[in-house]
Amino acid sequence: MRALVISGGGSKGAFAGGIAEFLLNDCGHKYDMFLGTSAGSLLIPLLSIGEIDKLKQIYTSVTQNDIFSINPFIIKKKGGNLMLR
């Protein structure tokens, strides 16, 4: 059996994705198992089904504004009291 194992490490996941793309597309490697931890586990589902272009599009188009906001809660005033949702 041959396994593709990708470790975690935040931004290192993007680098690992590029290496995986090279191994799968350019080298033609075939894997029986795909395993990943942390950032690597986010890559594995799409790599395992051959959706490398979709994975690349996701990794290259998401910005910090897509992930973070100043206040993620909806604040409403009800009866003079603030309520978080």
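Of the 85 residues in the protein chain, 19% count as buried. The model is predicted. Its mean pLDDT is 85, and 80% of the residues reach 70 or more. The chain holds 4 helices and 4 strands.

**Fold and order**
- Read from the N terminus, the elements run β-α-β-α-α-α-β-β.
- Among contacts in the chain with a separation of 6 or more, 57% join residues 24 or more positions apart.

**Surface**
- The protein chain exposes about 6,600 Å².

**Helices α2 and α3**
- Two packed helices are described by the angle between their axes and the distance between the axes.
- Helix α2 covers residues 39-48, and helix α3 covers residues 52-61.
- Their axes come within 8 Å and cross at roughly 140°.
- Angles over 145 degrees count as roughly antiparallel, and 65 to 115 as roughly perpendicular; α2 and α3 are therefore oblique to each other.
- From α2, the residues in the contact are A39, L43, L46 and L47.
- From α3, they are I52, K54, L55, I58 and Y59.
- The residues of this contact divide into 8 nonpolar, no polar and 1 charged.

**Confidence by element**
- Strand β2 (residues 33-36) has the highest mean pLDDT among the elements, at 96.
- Strand β4 (residues 81-84) has the lowest, at 63.

Notes. Residues are numbered from 1 along each chain as its sequence is written. This is a predicted model: local features need pLDDT of at least 70, side-chain atom pairs count only at pLDDT 80 or more; totals for chains, interfaces and linings use all residues. Side-chain values use heavy atoms; hydrogens and water are left out. Axes are lines fitted to C-alpha atoms, for helices over the stretch in contact, and angles run from 0 to 180 degrees between N-to-C directions. Helices (H or I, at least four residues) and strands (E, at least two) are DSSP runs, numbered from the N terminus. Angles under 35 degrees count as roughly parallel, over 145 as roughly antiparallel, 65 to 115 as roughly perpendicular and the rest as oblique. Contact means heavy atoms within 4.5 Å. Ala, Val, Leu, Ile, Met, Phe, Trp, Tyr, Cys and Pro count as nonpolar, Asp, Glu, Lys and Arg as charged, and the others, Gly among them, as polar. Buried means under 20% relative accessible area, exposed over 50%, partly exposed in between (1.4 Å probe, protein chains only). Accessible areas come from the Shrake-Rupley method with a 1.4 Å probe; for residues, only the protein chains shown count as cover. pLDDT is the predictor's confidence in each residue, from 0 to 100.
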